[in-house]
Amino acid sequence: MKIVHSWLRDLAALPDDTEAISFALSDIGLAVEGVEKVGTTVAGVITARVIKTQRHPDAAKVHRVFLDNGDGTEHHVWCGAFNMQAGDIIPWATPGTTMPDGRLIETKPIVGIPSEGMCCSARELGLGDDHEGILIMDPATPLGIPYGQALGFAEEIVYDIDVLRNRPDAYGHIGVARDLAARFKVPFIQSVPTLDVTGDSRSAPVEIVAGDRCARFTTIIISGIHITQSPDWMVSRLAAAGMRSINNVVDVSNYVMLETNQPNHAYDFETLGGGGFKIRLAAEGEKITTLDGVERSLTADDLLICDATNRPIGIAGIMGGQNTEISPQTTVVALETAWFEPVAVMQSVARMNLRSEASARNERGMDPFGIDTSIARFVELLRVTCPDLVVHQGMVDERSESIPPTKVIAVRPPRVSALLGSTFTVEQIRALIEPIGFSCETSKDSLTVTVPSWRPDCTLEIDIVEEVARHFGYDNLGKTVPKSTQPGGLSVIQHRRRRLHEILLGLGFNEAMPHPFLTDGDLSNAGLPDVAVRLVNPLVVGDDVLRTSLRPGLLKAIAFNESHRRTGVSFYEIGHVYPTSSDILPDESEALGVVIAGSDAPQAVAVWRELATGMGWGARLDQSQVPSGLHPTRSATLSAGKDVVGAVGEIHPDVLDAYNITQRVAVLELNLSRLLAIEPKVAQWKPTSRYPSSDIDLAFTVPTSVTAEKIEKALRQTAGALLVDLTLFDVYRGKDASDSRSLAFRLRLQAHDRTLTDADVAAVREKCIAGAAKLGAQLR
Amino acid sequence: MIVDINAARAAAEQSIANASTIDELRQLDTELLGKKSPLALLKNGLGKLPTVDEKKEAGQALNEAMSAVEFTLAQRRALLGRAERNVQLSAEALDLTEHFAAPGRGKSHIVTQAWQRLEDVFVGLGFQVAEGPEVETDWYNFEALNMPPSHPARSMHDTFYVDHGQPGSTVLRTHTSPVQIRVMQNVAPPIYMIMPGRVFRNETTDATHLAVFHQIEGLVIDRGITLADLAGTIEAFTQAFFGAGFTSRLRPSYFPFTEPSAEFDIRTPKGDWLELGGCGMVHPNVLRAGGLDPEEWSGFAFGFGIDRMAKERHGVGDVREMYTNDIRFIEQF
């Protein structure tokens, strides 16, 4: 919202100090996003009269213009625009002028004849988009004066304010000025002109059909109007506030809105069918061409303003129709000022994606009782250009029951004090909020506050607490630190998650953060069921799948890096997945994914073992259940009890193909929601022996059907208490497919009470060989 | 006898001096001090000496001689050992700048790093950490936070709707604030909690905006909590996290779930102000939605972006870079 400095100072006795006002605005919650100077004129551009124009046989695209700037000399300028004639007054950029676009105007010759400067269009002077021709000024303009002075341009300072949802009143200069006046403790001056009604009775009757959507609709007839230009000061202020001048009637309408915040609409009364209004909901699919020339199709939830013949002439609170627009022939207008239900306006705006200055205000909730002042102000301002205008008796003020009631709030000073941390008395509260329009009835220890009709946001005591804080100043409330009576800290699960991060990082894995949305096909390409929760309104069409697995994102990360000549990368991710569920929410859980490009399944198993030891987890490796999307002969599920808690192995080659990955990828996936909840077993001390240890190496030929794990288990059992360490140190598979392979184990034996004899070691060795043989393992 | 002893000693010392390797010395050890060494043989002859005095004198000389030989051997051994070690050391010389890529530690994502640093600072200020689901019901994300259906403030949130349950009933949380309600429902006050997490906004991404990003939310609920407590907590955090030279300021603002509401800005030691996040006193309607009586309990909440902390700390020019999973990005931190 653009708020003009000089305008504010018309309404409140504020200091002429931009910095102070800017700071105060932010300090009362009207954040200033920028302060800019507008209406600055281009130095060196002065007014001049065209003496004559002349074509030159050698210059087809330009003509010669002879100018008089009142100094008695004839100046010659080449010009490419032909819209001026002798006698016109135009802005002349004299040599040495720097134009707003940075161009330096110099004396330059064309066909050998020098051009002293340039004739300017409106656009070249930064005055709008009109570059059709040179700007022709009022014939009465004095010569040789700065063009800005001639046009009545005042330099204006404009604050760009971020108006928050709870402050509809701050869309108008009056609202901002009122707040600032209270902050600076200076008088707030709102002129309340009296409406001089002198004409005979002429009415535009109103029928409100949709009373729940329109609480008040007033019309008043003003005749004796002629359409002309607005005074320069008004054009200048409107421009500063970001609005283009159209004509005197439309400009006054906009000016009143920017000042009082009340949107209004002036209809050409002659074009108003039946001479009246009807406010009703649109029929589904009903059409109207709005002022911007666009034909719009409506729904049964949009509110229409129609004339008395039921013809739509405007979308209520948003934009008028083209058919009743003010034209140069207009002499009588029907001025409409109304109050529309804000939420419905907001919904229509969103539905149609049609925004206007009026809708921005109406959708936030206007002051239903600010209408009368705005009508009087409208007439007062229009009288400046139409001194003969007549306001007719017979104003219509149609109201429905949905007019917002006046709100009265009980305020308890102890409550205010308790929430703000400073003591506020009844009188202090009154002194802070009365200047911004909250009238207070006070008793010894409480206030009854009547909320001004322009503050629809205030409905509760807490809203008043905020007003008190705002005008007391947040900075003045001090800073204290509450004493927490609980110890700070991470939960056990959060501690375990941190430990998991540390272990994974220590193992050399980089942490990735892929996007949680997947594209159609990502899941099936990863060999996973294509069953997922989807977004209703994705940002990118197709990116609407909520991931059920971290795998697709991690595979994309590997593929991306491989395509950038980085093979062999390894990533982990700890993140949420969102499988479908019939419950209120999807079956969201936390997962871990580890992918190791260029490595095979045993590497993933080794990682699992390391995590299991480090985190105190246990799970069964079950190669008979191949997780979907993983390599069928190199993968396993990890199960704890009856539940699957993860998968380990290698990505299926088909999946690698689908993701354009040419390396093997080892993978580990874990359900952290389950695993992090496990209370880890705390490792218990095992005494170490002081006696020497002895090693036995045993290499077996083991049938493929027998797992290494089984042999290990058998060796452990048979070796008994003397076994302190057992490692698989070699696996050998013949080149040809075979139904067996060789597994070599090293067993370390040690006793706690003696040095082992050769006989002890030999006995264990024999038992182990026999134990393994029962599983079909032959000593090599 | 004495003459023989002295001669044997001199001969022994000479051969020790002549030895040039540790191995030779090891051999000499046996030759010069062993059972068949000249000195040992002389010792065997002691008994044949006629007088006690002679025996005594020769015995003493022999002991001295053997000690001397032992000492000389040890000295020589040490000398040669040092020389040999020196040869070994110079032979083992390496240029330590000839380094190969070695297995390195993995790199934590910079958002996780920022996240954990924030958690640690708040833990130090007495906070615990709560978590909640990323897919939320409309009730937790909006309604319980004083944004009933059609509340104008909902339009400030560009919401991703999820096709689950009744149309419009499920969303990707647009902020971490729904966790406030879950905490209030599950934890009896006093509550001193932070709630970091992933949030979602359906808006076009650019160098400073992401559709998927991370926020951290703080919630304090206790008896007698004031707006001044909020300002003081923000100040304490600012100094703990950014450094002692930083200060903070609250500016009035508007959020449906807090009142009074504020933006909080921090001031760098150089005097620049940075907008950091939003905060305010928990709205009575929100306390009620969380099952708490606003007449008994009061509290404040605050929230801000985690990604921006990472971006600013590491000078990342474009936030989207943080989520490419490009190893060349990740490896830098």
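The contact between the two chains takes 73 residues from chain A and 69 residues from chain B; residues are in contact if their C-beta atoms, placed from the backbone, lie within 7 Å. This is a predicted model, in which local features need pLDDT of at least 70 and side-chain atom pairs count only at pLDDT 80 or more, while totals for chains, interfaces and linings use all residues. Residues are numbered from 1 along each chain as its sequence is written, and chains are lettered from A and ligands numbered from 1 in the order in which they are written.

On the side of chain A that touches chain B, the elements giving two or more residues include helix H2 (18-27), helix H7 (342-352), H10, H12 and helix H13 (492-506) of chain A. Helices (H or I, at least four residues) and strands (E, at least two) are DSSP runs, numbered from the N terminus. H12(A) gives the most to this side, with six residues. By class, this side of chain A holds 39 nonpolar, 22 polar and twelve charged residues. Here Ala, Val, Leu, Ile, Met, Phe, Trp, Tyr, Cys and Pro count as nonpolar, Asp, Glu, Lys and Arg as charged, and the others, Gly among them, as polar.

Let me turn to H12(A) and its packing partner. Helix H10 (residues 413-420) of chain A packs against helix H12 (residues 461-472) of chain A at an angle of about 65°, and their axes are 10 Å apart. Axes are lines fitted to C-alpha atoms, for helices over the stretch in contact, and angles run from 0 to 180 degrees between N-to-C directions. The crossing of H10(A) and H12(A) is right-handed, that is, the near helix is turned clockwise from the far one by less than a right angle. H10(A) contributes Arg415(A), Val416(A), Leu419(A) and Leu420(A), and H12(A) contributes Glu461(A), Val465(A), Val468(A) and Ala469(A). Six of these contact residues are nonpolar, none is polar and two are charged.

H2(A) leads us to a sheet: this helix lies across S2 and S10 of chain A and runs at about 155° to S2(A). The open sheet concerned has three strands in the order S1-S10-S2 (chain A), with antiparallel pairing; strands pair if DSSP finds at least two bridges between them. Its edge strands are strand S1 (2-4) and strand S2 (32-38) of chain A. S1(A) and strand S10 (residues 156-161) of chain A are joined by three bridges, and Val4(A) has Val158(A) as its bridge partner.

What of strand S35 (residues 665-671) of chain A, and why is it described as largely enclosed by the rest of the structure? Seven of its seven residues are buried, so S35(A) is largely enclosed. A residue is buried if 20 or more other C-beta atoms, placed from the backbone, lie within 10 Å of its own. One face of S35(A) carries Val665(A), Val667(A), Glu669(A) and Asn671(A), and the other Ala666(A), Leu668(A) and Leu670(A). S35(A) pairs in the antiparallel sense with strand S31 (residues 589-597) of chain A over seven bridges, where Gly593(A) stands opposite Glu669(A). Strand S34 (residues 643-650) of chain A also pairs antiparallel with S35(A), over five bridges, and Gly649(A) has Val667(A) as its bridge partner.

Finally, chain B is divided into domain 1 (2-91) and domain 2 (110-330), with bounds from an automatic or database domain assignment. Their C-alpha centres lie 86 Å apart.

Definitions and conventions. Buried ≥ 20, exposed ≤ 12 C-beta atoms within 10 Å, placed from the backbone.
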